[in-house]
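Here is a short briefing on one protein model. Keep the sequence and the 3D view open as you read.

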Amino acid sequence: MTALATGAAPAAVDPRRRPAALRFAPAVAGYAAVVAVLLTAGTPAGAIARWTAYAALAVLLPGTLVFRALRRRPHTLVEDLAMGAAVGLVLELVAWAGFTAVGLPGWLRLWPLAVVVPFAAVPRLRRHWRVRHPTVVPAGWAWSLAGVVVGFTLYLYGSFLAVNPVLPTDEGQAQYIDLAFQLSIAGAATHQVPPEVPQVAGEPLHYHWFGFAHLAATSLVSGVDLPTVLFRLAVPALCALAAVLVAVVGWRITGRPYAGVVAAALLFTVGEFGFENGWRQLFGSQATFIVWGSPSMTYSWVLLLPLLAVLGEIVGRARGVTVPALGRGAWALAVLFLAASTGAKASTLPVALAALGLTAAVTLVVRRRLPRGVLVAAGLALAAQFFATAVLFAFESHGVVLDPFSGLRPYVPAGRPAGVTALCWALVVLAFLLNLQLRVAGALALLRLRRWRPEPVQVFLLGGALAGPAIYLLVGHPGSSNQYFTRTGFAFGVLLSAWGWVEVADRAALSARGRWLLGAGVAGFAVLLTAVQLDSAVSTPAVPAYAPVLPLLRWAAVLAVPAVLAALCWPALVGRWPGLAGRGGLVLLTALLTAGAPGLVMDAAATRVYPNGGAYPVVAMPASRVEAARWVRAHSAPDDVLATNVHCREVVDGWCDARSFWLSGYAERSVLVEGWAFAPRMVGRPDGPYAPFWDADRQRANDTAFTAPTAAGLAALRDRYGVRWLVVDRKAGAEAPALRTLADLRFENSRTAVYRLR
């Protein structure tokens, strides 16, 4: 972000003046690099080709045509394609629901014809196939963005792709505990709408499941196996699309092309300001980790970012922005993205609502009028939030409760004198701001440059950037899921921060040589920080409570020393090198924004210390179990129900940790009773994953089928619950010998056996 030219959008230029080979070279090179990474990770070339065809013909093509019909005037080709891809994902969700609801999910690949045919047949729509874009994307912008995408894909290789085989190859495979659960929801979405809890057949899934419906649609349309979609293709693709969307939305909102690229770098290159003990991140999980541990987070960003572009225009465009307005189509786009955000991630709409609320309040105070557009947009967002709460979530809280500062409390020791406690709280709050909000430092620079009188769109972005961490601090969750509010706020914050950095850079007016020197300095600073952090990261017991934040605060103090010395010596340096005059603020801000650069490397390097890419809960995923589940998938009908004797991830002091999802995940079938800990009614209970199953009769009927089977019991299991298959893990408990005479043994390996009920 440092070697870039800044300034307003370039003047309109005929795109044909630049050879096509040069115009598209960054995109082609970026795509080729991502494909090379995927091939290195063992992704079948055929799967990549089929996914590429799916993305181009079933997402980009219909989505871009609809976006072009809704926006008033074109801007750039990359904006049409990025925003069009987001629109395509929304349309895909509607098509998936329709085809699946009528029992024809296999016909989903035909849905793009509903868009393509009218746009080919209707003369007024036909013009959207070929569009002349008045603005050329700067070459530096395109290559920088390609670098962000490729760099983040390399991070994904180190932290996720290289350590997670598509299918386990041995009995010792470790897997992050949520991945099989997410695979199971996507599997359910291939034939259910709305999907049910895969681990408890018939139990409603009151959850944000839209992202998993996208995974199911990807598999159904492309023909790529669902584990390959989840473990190889979807995460890099969604991250790449989100990075491009940050760049085009940043350009659209600010009117400055490089503000978008800087924002993309802040979100997908700069991580948290870390330096924690034991490679583990504070205040929830590392944002970079979230993109593969919770793909719904990235999916929600892909919908939120274009929503920010649309709402940013509705609340009021910034002065001097020359990017063509979206026009009346902005309202249709707002409805589309708000509707899709209802089930993308539960954190999206509350943060967006808070941002709109702050914009309305500030406008009322400053201009003494209520902005009609903001109020209408807030009304739409409120209606979307009500739909999500009442229909999708059925008023389930999923363990989120009002518990101020619960995310910080674990780091504050109890039973200390009031003065010591107050000091600890102050240091922990400082650590929180440094850890999670340092990349938003450019927002303060922007507000200062605007004399603390921001424009409405800047107030809107500021509202979201503040609302995310504010909601995190206000509510609590036993699994730290309140952190997702902070992650949602990042989308607002990086746009505002990049805007501030670009304006500071504009005022510094660096020469070409100065930009290269600044870029080289930033690169060296980032490498130095990373090397030091890699060398100093050691596992240390987190005792006392505040111990985990001490390395972060210590390193902040260490880095503050040269910053203070540079500030004191700056006048002398300016005297020696006059070219430094007026550039101190840019150097300081750039250093602040770069301080989190080791985050990606540290997260990927954690594979040297912990299995499966980080210090996060893992579960054993033996290849023999997965082999049995995959056999069931190949030989059963989508609506068949399975039963298993495995319910526990592990048993601790006689209590079952009911987070077992392997069968429903890899079989892509509903299970009568598998692991029930993630069922919405169970999340947030005081006994956590060790809570007993709520239907003792069902569990008794399930377990008796393995331990003491009878013809009548198996018939009741089949006729009452729809069970067709029994899957036995003999290490968890061998089946009774009588089962061989009452059901048909259809498959077995060294560990598992599969029976079909007669």
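Which residues make a nonpolar surface patch of about 580 Å²? The patch is made by Val102, Leu104, Trp107, Leu110, Leu113 and Val117. This is a predicted model. The points below go from confidence to the patch, then to a sheet and to pairs of charged side chains.

**Confidence**

- The protein chain averages a pLDDT of 91. At least 70 is the score of 94% of the residues.
- Residues 2-15 have a pLDDT below 50. In the model, this stretch has 47 contacts beyond near neighbours in sequence.

**Two loop residues**

- Trp107 is one of the residues in the nonpolar patch. Look for Trp107 in the loop between helix H4 (77-101) and helix H5 (113-121).
- Gly202 is in another setting: the loop between helix H8 (177-189) and helix H9 (210-222).
- Is Gly202 buried or partly exposed? Gly202 is partly exposed, because its relative accessible area is 49%, and buried would mean under 20%.
- In sequence, Gly202 and His398 are 196 residues apart. In space, their C-alpha atoms are 19 Å apart.

**An open sheet of five strands**

- What is the order of the strands in the open sheet? The order is E8-E5-E9-E11-E10, and the pairing is mixed.
- Strand E8 (670-671) and strand E10 are the edge strands. Each of them pairs on one side only.
- Strand E5 (residues 641-644) and E8 run parallel, joined by two bridges. Here Leu642 stands opposite Val671 of E8.
- Now move to E11. Strand E9 (residues 723-729) pairs with E11 in the antiparallel sense, over five bridges. Asp729 has Thr752 of E11 as its bridge partner.
- Strand E10 (residues 743-748) also pairs with E11 in the antiparallel sense, over five bridges. Glu748 stands opposite Ala753 of E11.
- How many residues does the hairpin use to join E10 to E11? The hairpin runs through three residues.
- Why is strand E11 (residues 752-757) described as largely enclosed by the rest of the structure? Five of its six residues are buried, so the strand is largely enclosed.

**Salt bridges: the overall picture**

- Side chains of opposite charge can pair when their charged atoms come close.
- How many salt bridges does the structure hold? It holds 29 salt bridges.

**A salt bridge between two loops**

- Glu272 and Arg439 meet through their side chains in a salt bridge, at 2.4 Å from N to O.
- This pair links distant parts of the chain, 167 residues apart. Glu272 is in the loop between helix H11 (257-268) and helix H12 (287-293). Arg439 is in the loop between helix H17 (418-437) and helix H18 (441-449).
- Both Glu272 and Arg439 are buried.

**A salt bridge between a strand and a helix**

- The side chains of Asp729 and Arg625 meet in a salt bridge, at 2.5 Å from N to O.
- This pair also links distant parts of the chain, 104 residues apart. Asp729 lies in strand E9, and Arg625 lies in helix H25. Helix H25 covers residues 623-635.
- Asp729 counts as buried because its relative accessibility is 0%, and the cut-off is under 20%.
- Arg625 is buried as well, because its relative accessible area is 10%.
- Which residues does Arg625 touch, not counting those up to four places away in sequence? They are Val646, Trp662, Asp729, Arg751 and Thr752. Among them, Asp729 and Thr752 are bridge partners in the sheet.

**A salt bridge with partly exposed partners**

- Glu748 and Arg740 meet through their side chains in a salt bridge, at 3.9 Å from N to O.
- Glu748 counts as partly exposed because its relative accessibility is 41%. Arg740 is partly exposed too, because its relative accessible area is 45%.

Methods
Residues are numbered from 1 along each chain as its sequence is written. This is a predicted model: local features need pLDDT of at least 70, side-chain atom pairs count only at pLDDT 80 or more; totals for chains, interfaces and linings use all residues. Side-chain values use heavy atoms; hydrogens and water are left out. Patches are made of residues with over 30% relative accessible area and no salt bridge: like charges are joined within 9 Å, nonpolar side chains (Val, Leu, Ile, Met, Phe, Trp, Tyr) within 5 Å. Accessible areas come from the Shrake-Rupley method with a 1.4 Å probe; for residues, only the protein chains shown count as cover. A salt bridge is a side-chain nitrogen of Lys or Arg within 4 Å of a carboxyl oxygen of Asp or Glu. Helices (H or I, at least four residues) and strands (E, at least two) are DSSP runs, numbered from the N terminus. Contact means heavy atoms within 4.5 Å. Buried means under 20% relative accessible area, exposed over 50%, partly exposed in between (1.4 Å probe, protein chains only). Two strands pair if DSSP finds at least two bridges between them. pLDDT is the predictor's confidence in each residue, from 0 to 100.
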